[in-house]
Amino acid sequence: MAYVIPAPTVPALPIADSSDLFPVRRVYCVGRNYAAHAREMGGDPTREPPFFFMKPADALQPVPGGTVVDHPYPPKTANYHFEIEMVVALAKGGRDIPVEKALDHVYGYAVGLDMTRRDLQDEAKQLRRPWELGKAADLSGPVGPLVPASRAGHPAKGTISLAVDGTVKQKADLSDMIWSVAEQIAYLSAYFELAPGDVIFSGTPDGVGAVTKGQTLTGAIEGLGEIRLKVV
Ligand code: MN
């Protein structure tokens, strides 16, 4: 048996200080997981259940550490926003994973950006349409090298920040998350069977904003390094 067209390549993320790769199956993203960002998006930061959307796995842009990578400004938007997020990569899957066991499923963590065509997302919200045009653009998920939990531990506090041309726009602490990583995994696994290769964007703090061509984004998370992208 053979495929009738060339098989698509498996999307993969770099591993820090290694030439190995992490193969990606699905990309889940949690919305409004920092109180101040929930407020700036017009929401209520009380602890109502988290909500999720997805990006296609091939919308990830693997970003090697220690270098500035070109990030193409996508079509059909005039309001392209950065959202700095900690990315969680799963080594093990399952259904109905208990919170207390959830972190045992994590391979590692990375610095990521949930790049968003905010104008298209806002329009979708108004028209009660799905979010893909806003959230699933090609290369809309830059992710830096994954740091294995065996090295990084399970970061529950530490600074998460994003700067545009050196000016800090987003700065918060991982401990400001409304839903912890363990709670996100447990919650998701009640709705989907999670599997090795699944990736979770764990939400962004407040301060999101637009970028234009020529600007350089620097995203950093304490203990996980930084990524730098030039919007082109
Ligand atoms: Mn986000």
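This is a predicted model: local features need pLDDT of at least 70, side-chain atom pairs count only at pLDDT 80 or more; totals for chains, interfaces and linings use all residues.

User: What volume does the largest cavity have?
Analyst: About 110 Å³. Its lining has 17 residues. Closest to the centre are Gly 31, Arg 32, His 37, Glu 83 and Lys 135.

User: Which elements supply at least two residues of that lining?
Analyst: S3, S4 and helix H3 (118-127) each do. H3 gives the largest share, three residues.

User: Switching to the metal. Which residues are the protein donors of the manganese ion?
Analyst: Glu 83 (OE), Glu 85 (OE) and Asp 114 (OD).

User: What spacing do the donors follow along the chain?
Analyst: E-x1-E-x28-D. Glu 85 sits in strand S8 (residues 84-90), and Asp 114 is in the loop between strand S9 (106-113) and strand S10 (116-117), so this pair ties together parts 29 residues apart in sequence.

User: Is Glu 85 buried or exposed? And Asp 114, buried or exposed?
Analyst: Glu 85 is buried, at 1% relative accessible area. Asp 114 is buried as well, at 0% relative accessibility. The cut-off for buried is under 20%.

User: Helix H6 next. Which of its residues are buried?
Analyst: H6 covers residues 181-191. Its buried residues are Val 181, Ala 182, Gln 184, Ile 185, Ala 186, Leu 188 and Ser 189.

User: What covers the buried residues of H6?
Analyst: The cover includes strand S3 (27-31), strand S4 (51-55), S8, helix H2 (99-102), S9 and strand S15 (199-201). S8 is the strand that holds Glu 85.

User: Last topic, the open sheet. What is the order of its five strands?
Analyst: S6-S18-S17-S13-S14, with mixed pairing. Strand S6 (68-71) and strand S14 (167-173) are at the edges. Each has a single partner strand, so one side of each has no neighbour in the sheet. Neighbouring strands are turned by 20° against each other on average, direction ignored.

User: How many bridges join S17 and S18, and in which sense do they pair?
Analyst: Six bridges, antiparallel. S17 spans residues 216-221, and S18 spans residues 225-231.

User: Which residue in S18 stands opposite Thr 216?
Analyst: Lys 230.

Note on methods
Residues are numbered from 1 along each chain as its sequence is written. Side-chain values use heavy atoms; hydrogens and water are left out. Donors are N, O and S atoms within 2.8 Å of the metal (3.2 Å for Na, K and Ca); water is not among the atoms, so sites may look incomplete. Helices (H or I, at least four residues) and strands (E, at least two) are DSSP runs, numbered from the N terminus. Buried means under 20% relative accessible area, exposed over 50%, partly exposed in between (1.4 Å probe, protein chains only). Two strands pair if DSSP finds at least two bridges between them. Axes are lines fitted to C-alpha atoms, for helices over the stretch in contact, and angles run from 0 to 180 degrees between N-to-C directions. Contact means heavy atoms within 4.5 Å. On a 1 Å grid over the protein atoms alone, a cavity is a set of points where a 1.4 Å probe fits but cannot get out, and a pocket is an open set with protein on both sides within 12 Å along at least five of seven lines; lining residues have an atom within 4 Å of a point. Grid points are joined across faces, edges and corners, and a volume is the space filled by probe spheres set on the points.
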